[in-house]
Amino acid sequence: MNVGFIGLGYVGLTLAIAASDNGIVSYGVEINEHIKECLKENRAHFFEPGLDDLIAKYNNKSFFCVDEFPADVAFDAFVITVGTPLKKGTDQPNFEYIKSALQSIKNIYDGTQLIILRSTVSVGTTRNIVIPFLAELSGKSEGELLVSMCPERTVEGKAIEELTSLPQVVGGLNAKSVEIARKVFGQITRDIVVVDSLEEAELVKLYCNVYRDMTFALGNVLCVAAQEFGADGTKIIKAANYGYQRSNIALPGFVAGPCLEKDAYILTNNMPDCDSKNFILSARHFNESLEDMVVQWVVRNIGEGSSDKVIAISGMAFKGVPETSDLRGSSSVYIAKKLFDKGYTLRLHDYVAIRSEMEDLKMGDVFDCVEDACKNADLLLVLNNNKKYKELALDAAALKDNFAILDTWDVCGSMSDSGIAKSTLGNLMIKGRLI
């Protein structure tokens, strides 16, 4: 089979390479010069375990990065993998990226190839936006088209593994659309789950992510509620979960990244005002509020921002387990921006994030070593849960007097007996508690 991929970002590149690894000839169109240069060097432009080895194995053999799809190749399907961001300053999805992706195949698309939408979209987008656009592009009636919604559900850091192990959900415009989509993904993974409509497939992806968002929100809410009683929320949740199968409360932490930060808004985009919509958005808003709680903690501890107040921020990627280099939608980046705007001097660090991308944030010097970032700093904010923090060993004697740590994920286990004041999300809001 020959399959074209429009966009070679996190979703498109991993899927295209997994397809090549399972007997599909993959052609990926990409306009970003940095991404294309990285692929020429047989590597991805982001960190994903196992991906670079597969790129080197299949590049220019059964995987091709091209400026446009070759006209002499008979394509079975085209996969739209571009993102659906929110319009700037709003909670409304922006479909221009999808339309632009579809426009890019106008010279080769004739209405007989399957179009697979992989992007996360609000309910009804495939039927009401994508299909009419394709009908106009091809000159065929909407009913003749082959269109399938096959949502991406992998986790960054395990994408290659999960693409071949997770069940693939398939929704189609018609029976032939489902048949071809099953054939494509049947070469990549063993389990295919066919749902009855395009809308059901759209809902599956949104429900998976919003479920996670709301589950984490419950843990965050309970963590803050415990502090209203003067108790450490993290400790209470751990005690509640220990050895008790009916309790699996999420530990407090930031809920962000390129999907979770926006999918609640995408789900509720065209939902009438109702209790369900309010419930979903309340969870999202609470998770977002943790960023301001951290900023308030900083102000309480070292005062209002000024250039002589130095903060080391470690964990800039949106998560640490599994490791990722992705800064998109990261609460760490948002917190850093708020502190930078208040006038603090920042020093940035991450174990995996790409140095040049952190430098491009233009919010402070970037350090390869967290210990170096902490020298002459007033505070250390640990903002993701990378496992390497378990081995963090700061020497209190080498740090400023009254140096403190906010270990938001409570992962710096070795620092407990260091003599350095340490707070977590479990106790930063306890009334009267500054450190």
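Helices α4 and α5 cross in a right-handed way (the near helix is turned clockwise from the far one by less than a right angle). Their axes come within 11 Å and cross at roughly 25°. That makes α4 roughly parallel to α5, a label for angles under 35 degrees. Helix α4 spans residues 96-103 and helix α5 residues 125-138.

From α4, the contact (heavy atoms within 4.5 Å) takes in Ile98, Lys99, Leu102 and Gln103. From α5 come Ile129, Val130, Phe133, Leu134 and Leu137. Seven of these residues are nonpolar, one is polar and one is charged.

This is a predicted model, in which local features need pLDDT of at least 70, side-chain atom pairs count only at pLDDT 80 or more, and totals for chains, interfaces and linings use all residues. Residues are numbered from 1 along each chain as its sequence is written, and side-chain values use heavy atoms, without hydrogens and water.

On a 1 Å grid, a cavity is a set of points where a 1.4 Å probe fits but cannot get out; a pocket is an open set with protein on both sides within 12 Å along at least five of seven lines; lining residues have an atom within 4 Å of a point.

| Space | Volume |
|---|---|
| Second largest pocket | about 200 Å³ |
| Largest cavity | about 110 Å³ |

The count comes to one cavity of 30 Å³ or more. Of its 14 lining residues, Arg118, Leu163, Leu166, Pro167 and Gln168 are the closest to the centre. The lining of the largest cavity holds seven nonpolar, three polar and four charged residues.

The second largest pocket is lined by residues including Val29, Asp67, Phe69 and Lys106.

Notes. Points joined across faces, edges and corners; volume = space filled by probe spheres on them. Nonpolar A, V, L, I, M, F, W, Y, C, P; charged D, E, K, R; others polar. Axes fitted to C-alpha atoms, helices over the stretch in contact; angles between N-to-C directions. Helix = DSSP H or I, 4+ residues; strand = E, 2+ residues; numbered from the N terminus. Parallel < 35°, antiparallel > 145°, perpendicular 65-115°, else oblique.
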